[in-house]
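Thanks for coming, everyone. Please take a moment with the sequence and the model on the screen, and then I will walk you through a few parts of it.

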Amino acid sequence: MASSLPVLPVPRLIQHKRDGGAHSRAEIEALVQGFTRGEIPDYQVSAWLMAVFLRGMTPQETADLTLAMAASGDQMDLGRLQDTVDKHSTGGVGDKTSLILTPMLAALGLTVAKMSGRGLAHTGGTIDKLESIPGWTPELSEERFLAQAAEIGLALVGQSRDLAPADGKLYALRDVTATVDSLPLIASSIMSKKLASGAHTVVLDVKVGAGAFMRTAADGEALARAMVDIGTHAGRQVRAVLTEMDTPLGHLAGNSLEVLEALSTLRGEGPADLHELCVALAVEALAAHGEAEDAARMRAEATLHDGSALAKFRAFVEAQGGDPTYVDQPEKFDVAPGRAEVTAPAAGFVSAVDALSVGRAVLALGGGRERKGEAIDHGVGVELLKKPGEAVMAGEPVLRVYHRDGRGLDAALELLRAGLSIGTEPVAPAPLILGRVH
């Protein structure tokens with residue numbers, strides 16, 4: 001495909017997009033391949049990214065860009081596995097959904113062979129959370145990864161460095177050229193890795209609100225539609241759920257704390273919002289495989305009450321080297337011993353607990369990383385003792401901080417106080433699920 005470039009050199013591609021034109025598939029493939037191989041310099045691709053940022057891309061262009069990025073490196077072949085499903089969240093605070101949903105899907109007879117990432121900034125990563133369990137490893141050979149997925153229905157590994165390398169190179173440029181906030185570039189970045197990961201069905205949890213990348217429902221819906229369209233063009237089943245992220249999901253944020261809340265939910269005892277979201281996402285996965293929604297909901301609910309999802313999670317932990325007694329005895333988890341509380345400044349009702357503030361507080365405590373590769377403290381975090389709509393007395397604790405030797409405590413408390421709002425009138429909590437896109 002690189003032969004397209006001499007016919008239409010890169011400056012002409014940039015000009016064409018700058019002037020509002022659309023690229024052919026061959027042009028996009030040549031651009032992506034040339035950049036990935038180092039044949040097209042950063043400064044030209046930077047100019048092209050800005051042209052895309054200003055002019056946008058058609059749905060066909062966005063799909064072609066995604067497929068070209070997915071084809072730029074390794075692609076997982078899951079053809080020997082049955083009914084493969086992947087799940088992706090656009091990132092939130094307290095979002096331990098993957099820890100619950102993936103064993104639910106396995107218990108429902110679907111296969112999850114998934115690559116997950118680590119957390120960065122205020123959003124946590126599934127791999128970091130699972131590494132709260134001593135011995136658990138995200139490092140599996142491809143053969144073992146596929147064999148485990150076939151046997152248990154669930155295998156989860158860290159993202160391969162060679163998966164969609166064009167995305168990593170393009171994102172590094174977007175980050176330094178103010179072109180991150182472009183809908184087609186965001187959608188293609190997410191979906192290139194999903195397509196390269198090989199699953200036939202992809203369920204997307206698109207977060208909307210203060211603690212999310214997409215701040216408004218309209219922006220979230222546009223992103224969801226773009227990603228679903230990409231999947232359709234690529235011959236995959238993609239379904240998206242828009243969910244509220246002004247307030248953290250569940251009651252706990254922080255790595256060990258979130259695993260504890262996930263285990264509670266797998267026992268049928270978790271917070272209502274977390275339970276609701278996991279069931280809703282499971283229903284989407286089953287519906288994509290042709291199951292009626294009512295029947296799907298009943299089956300999904302059952303996995304959280306009959307022990308089948310918990311059993312899958314235990315088997316998955318043990319298969320990947322983790323100590324399964326931590327599943328049986330959650331009190332064994334390392335939780336930071338220090339405690340501090342944020343109290344209500346006056347009597348009234350909680351009107352807001354800002355998700356971004358909670359995420360940044362966990363980061364300040366050492367539970368997240370500013371840069372890739374930094375070590376984190378799995379035991380620190382924040383607990384929401386009250387959520388929006390609940391009554392409080394003056395001086396009553398609303399948030400509890402789990403800290404280690406006071407590290408980052410003052411900064412965390414300041415962030416949490418700034419993100420807490422107490423009103424004189426009760427507010428109706430926002431609905432968790434804002435919409436669906438198929």
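Helices are DSSP runs of H or I with at least four residues, strands are runs of E with at least two, and both are numbered from the N terminus. This is a predicted model, in which local features need pLDDT of at least 70, side-chain atom pairs count only at pLDDT 80 or more, and totals for chains, interfaces and linings use all residues. Residues are numbered from 1 along each chain as its sequence is written, and side-chain values use heavy atoms, with hydrogens and water left out.

Just after helix 10 comes Gly-198, with a positive phi of about 95 degrees.

Turning to strand 1, residues 85-89, five of its five residues are buried: Val-85, Lys-87 and Ser-89 point one way, while Asp-86 and His-88 point the other way. Strand 1 pairs with strand 4, residues 201-208, in the parallel sense over five bridges, where pairing requires at least two DSSP bridges between the strands. Within that pair, Lys-87 stands opposite Val-203 of strand 4.

Finally, the axes of helix 3 (residues 25-36) and helix 9 (residues 165-176), which are lines fitted to C-alpha atoms over the stretch in contact, come within 10 Å and cross at roughly 85 degrees. The contact, meaning heavy atoms within 4.5 Å, involves residues including Phe-35 of helix 3 and Leu-170 of helix 9.

How values were computed: Buried < 20%, exposed > 50% of the residue type's maximum accessible area, 1.4 Å probe, protein only. Axes fitted to C-alpha atoms, helices over the stretch in contact; angles between N-to-C directions.
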